[in-house]
Amino acid sequence: MMAPTVLPSARTDRRPKRIGIGPLMTGLGLATMAAILAGRQFRQATPPRPHPPGSPRAHPDTAAEEARRRALRRSRDGAAILSFSVLADSGMEHYRGGYYHKTMYAAPATAAVSIAANLAEPGRRSGGGGALSAVHLASAAVGLVGLRYHLHNLRSRDGGLSWNNLFYGAPLGAPGALVTAGLIGAVSHAMARADHDAPAALSRRHGRQLAALSTVALMGETAEVALLHFRGAFHNPAMFLPVTVPPLAAAGLAYHAWRPDPAHRPALRRVLQAVNALGLVGTGFHVLGVARNMGGWRNWSQTALQGPPVPAPISFTGLGLTGLAALDLLNVDEETPR
Amino acid sequence: MSDTFRSPYPGWDVLSKWSTPSYNEQTREVLNRRIDPPAPHALEREVYRTLCALCERVIPQHEDTQGPPPAPIAPWIDAAIAGGRSSGTRYDGMPDTPTAWRRGLAALDAEARQRHGQPFHRVPAQAQDAILRDVGKGQVKATAAWEGLEPRTFLRKVALKQIVEIYYAHPRGQSEIGYGGPASPRGYLRLGAGRTDEWEAPEGQWDRLREPAR
Amino acid sequence: MTRPVGHASHGAENRPRATDGRAPDVFSRDGWVPMRQFRDDDEVDVAIVGAGCGGSVLATKLAEAGLSVVIFDAGPFWRPLSDFASDEREQEKLYWLDDRISGGDDPIEFGANNSGQAVGGSTTHFQMVSLRFRPDWFKSRTRLGYGVDWPVNPDEMWRYYAEIERALSISGPLAYPWGPPRGRYPYRAHEVNAAGQVLIRGAEALGVAWAPTPLCTVSAPRGKSPPCVYRGMCKIGCSTNAKQSMLVTYVPRALRAGAEIRDLAMVAEVHCDAQGRPDGVVYHRDGAWRRQKARVVAVCGYSIETPRLLLNSASPAHPQGLGNGNDQVGRYLMVHGNNAVWATFDDEIRWYKGPPSMACCEHWNYADDDPSKDFFGGYSFMSQGPLPGDFAGTLVTGTGMFGNDLRRRMALYNRMAGLKIVGETMPRPDNRVRLSDDADDLGLPLARVDFSFCDNDRRLHRHSERFMRRMLDAAGGRDLLSSDSTAHLMGGCRMGSSPENSVTDDEGRVWGVPNLYICDGSLMPTGGGVNPAMTILANAARIGDRLARRARQGAS
């Protein structure tokens, strides 16, 4: 394309002191990688205590132990994925909000730290253990503060609690994801710290906690998605998937937590795996959705932010994993052989 | 109040995003043509000079020695007259648009000759302004020249309107008011009060509108 | 026609595009869709003059019913993605720039103000406000004591509004504060921009309801239309196809159903046989005069061109013009008062982002019992977002400012907000369209339009100005400035129940000329206090269904 004959004048175009979207995306990517590396590094540097000889742990794993380990991996990864979703999504959405309030930086920053803390599980009981626990609880607290800010944003916009503001104002569900990630992390931490000869009942309790968290979070996320897909007029039938499958999973998980019955496990597992898949499928759809905006990905400085938000759907995978972790734990029984 | 104009957006130029998704091919095509008008050929030279002087009174561009090059206005009006272009409305008692221009410019010259013995474009700027203000109020002196052409209607609905429409559709006019400029395929994201996109003008410096010029 | 106007029209203004069995694919930059074509001496079922609101809907209904349809439009057949630039001056190519002579006490401004010239008509440049009539207005004489009754059933019109809104995926609020309940708008309302938030603030301060304006641009993807990017250039043509104009909705639909569209085709006359019965149209296209035979002619040229065409189609059988035996053609022309109040704020509003009218208020369309209401009829009002050239034009025509005073005033552009009404004017017989003695480039007599407000209109304007000033003041605005203008066109060949005081019956059939129809905004007997597009479309859908039904029954 030709440059105009009248060239822009020699005056420098004073940009507002704000980073561009390119640097922002790069920053989010770097933050993610740094968090992952930090978490894993911490985990390697603080391996679980060695088992004293003669302890039950010195023998080959029981089914219960296998289940516990799997559950810990899943809840840890699930919370990390959830935190990643918060990091990228809040990073972008707060950017769209111009970071006009300095506290808005807290969301992506806390999410990054939460990724690291989650991936650091299992951490040692002493030292790193206490810090990790604090980080998880702090993440949840930051999420709660965020909820309060988002609610205030809704109320203070012209029109108050109107549909216009619900659709286009600060989303209430988003800080909830950070709360959830923090609380899941706290449970993961408790799971990691549990003595290896801890009773099965403790594992089942962790299972119920994870189930409760996943259930509530799945319903909350469903509500958020329902609102935003409703805003999009459900223009594509696939938009109904994330408001039907997750509630099904949540209901199933809640019921199973209340009345665990091994016969339900296969079906519930499949539903939860479907929720996991939704996270990936949804991401694909959102990428296509951005491409469908005017100018597609080439116009990404507008379209990536106009939506649909690409980092949002993967949070379902985080919750699905957490639900699967709950499933692993709910039926743990020391006496049950492999 | 001083008579100079200082834009509240001194650093802003809508052309700075020429190579971004805010511009599409056809917009660049159009703007490349806009800065390069055809040579004037509809009006005689002296009348054309009056047109230029009129344009300069309406938008005193040439005073800004530091600003961007002036937006061509008079050549485009000449081209429209040559092409017989109208606005779609011919008010009762007025001639068609090209004729209205010709007669109106001649009438401005007649006013200037009546008052100062010179055509409009040779008269000092303040006197030109005075003539325009009078015409705007309908207080004309060279009544014969205005026959069949209502002075207020000519000034407001033909002359001023078309001149400012050309100026403020041009990057220079757009930039000085902090308008966002071309916007396709990339439009705007941040629609709320006090919120701007990176590809818009930064916040305005409003004291520049108030301070007297140095 | 004085074309070309644009510099990036890629030939659309020079040579017809819809030829050789194909028409432009409006969803591409340079592609085509197949188009059925007829020969001039094929007697097609219906010749439609004008591919705007009325013509596009009518053509779709009839073609989908299996009739052979040819549509003639004087304007170009645009491909918005490649032809529409982000430039006010360039985009003047969308308007009817040939002269209309404008007289009366309150001469109407034409051109960019209210007249398009393109396939898609004025919907290529309209600002997409999609409001419904208050149902009582269809019976304003009987129920409200002014104007005339429409010869329609308000409930039927209410259903047709829903059909049109679905077809155009209107993006509107979930709860609409005024009028009888309506179904949910197909798409959700857009985010209200800062300019609209000024209206919201003002409305809440004065205790009146407000709503995000139902708009004819999509807030989510729809087919090949992406969601609106809020570039704010709706009035100069949507280059993304988010705007659901006729060009991207009913026109492609009509083509798919087998209609032919002839762009750059100016119909000069409805041709009549020796008995005075219309048997085709005479038109100018591609440098030559031609005549297309048709069994039925439907004139859909809107309030100026439809009467002009009828008057220009005089013949020995119709010495005063076609359908003008009772001197009704061209009468009862209406506009909407478009008075505005503008204010300056401390915040930068930057009203250029987004469609111009993102919030609206119909309070005064329904406030019958308010003691301050000293006028018949109603008005709605909306927030504003004019483009720079447009706003500068408003300033100078209203105030006569020039020089650095003007530049300083214009430099406040980013801190301004405004409210503008759509105000009902009363139908009056002497507000009319006639032929003038001057002719256009093709030798066709130009239209001469005379318009004057009545006392009721002026009372409405004064009331609205007082109210909008109060509202802007309450919202924190300063340095209030008023402007007045008009918008839209309605009437000119109105529907009615008697040939004495109308031009057509309730189905748009011209009295005394059974195979001549009118289907456009000129049919409107009253104007209401809302933008007319949805009403014109709903009425066209209703008439289209009737005509299609007749055709199936073999009646016409």
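Chain A is helical. It holds 11 helices and 0 strands. Read along the sequence, the pattern is α-α-α-α-α-α-α-α-α-α-α. Of the 338 residues in chain A, 48% are buried. Among contacts in chain A with a separation of 6 or more, 80% join residues 24 or more positions apart.

Confidence in chain A averages a pLDDT of 86, and 86% of the residues score at least 70. Helix α9 (residues 265-292) of chain A has the highest confidence, at 96. Helix α1 (residues 21-45) of chain A has the lowest, at a mean of 84. Where pLDDT is low, the predicted coordinates should not be read in detail.

A:A223 is found in helix α7 (residues 200-231) of chain A. A:A223 counts as partly exposed because it has 15 C-beta neighbours inside 10 Å, whereas a buried residue needs 20 or more and an exposed one has 12 or fewer. A:L172 is 51 residues away from A:A223 along the chain.

The contact takes 14 residues from chain A and 19 residues from chain C. On the side of chain A, the largest share comes from helix α5 (residues 163-168) of chain A, with 4 residues. By class, this side of chain A has 5 nonpolar, 6 polar and 3 charged residues.

The contact between chains B and C was treated in the same way. Here 62 residues of chain B are in contact with 58 residues of chain C. Six elements of chain B each supply at least two residues of the side that touches chain C: α1 (25-34), α2 (45-58), β1 (89-91), α5 (125-137), α6 (151-168) and α7 (171-176). The most comes from α6(B), with 9 residues. By class, the side of chain B that touches chain C has 24 nonpolar, 22 polar and 16 charged residues.

Strand pairing also links chains B and C. β1(B) pairs with strand β5 (residues 100-103) of chain C in the parallel sense, over 3 bridges. B:R90 stands opposite C:I101 in β5(C). β5(C) is also joined to strand β19 (residues 445-450) of chain C by 3 bridges, and these two strands run parallel. The bridge partner of C:G103 in β19(C) is C:D450.

Strand β16 (residues 379-383) of chain C is mostly covered, with 5 of its 5 residues buried. β16(C) runs antiparallel to strand β15 (residues 359-361) of chain C, and 2 bridges join them. In this pairing, C:C360 has C:M382 of β16(C) as its bridge partner. β16(C) is also joined to strand β17 (residues 416-423) of chain C by 5 bridges, again antiparallel. There, the bridge partner of C:S380 is C:V422 in β17(C).

The last element is a helix of chain C. Helix α12 (residues 533-552) of chain C has 20 residues. From its first C-alpha to its last, α12(C) reaches 28 Å, close to the 28 Å expected at 1.5 Å a residue. C:G554 follows α12(C). The phi of C:G554 is positive, near 75 degrees.

Notes. Residues numbered from 1 in each chain as written. Chains lettered and ligands numbered in written order. Predicted model: local features only at pLDDT ≥ 70, side-chain atom pairs only at ≥ 80, totals over all residues. Contact = placed C-beta atoms within 7 Å. Expected span 1.5 Å × (residues − 1). Nonpolar A, V, L, I, M, F, W, Y, C, P; charged D, E, K, R; others polar. Pairing = 2+ DSSP bridges. pLDDT = per-residue confidence, 0-100.
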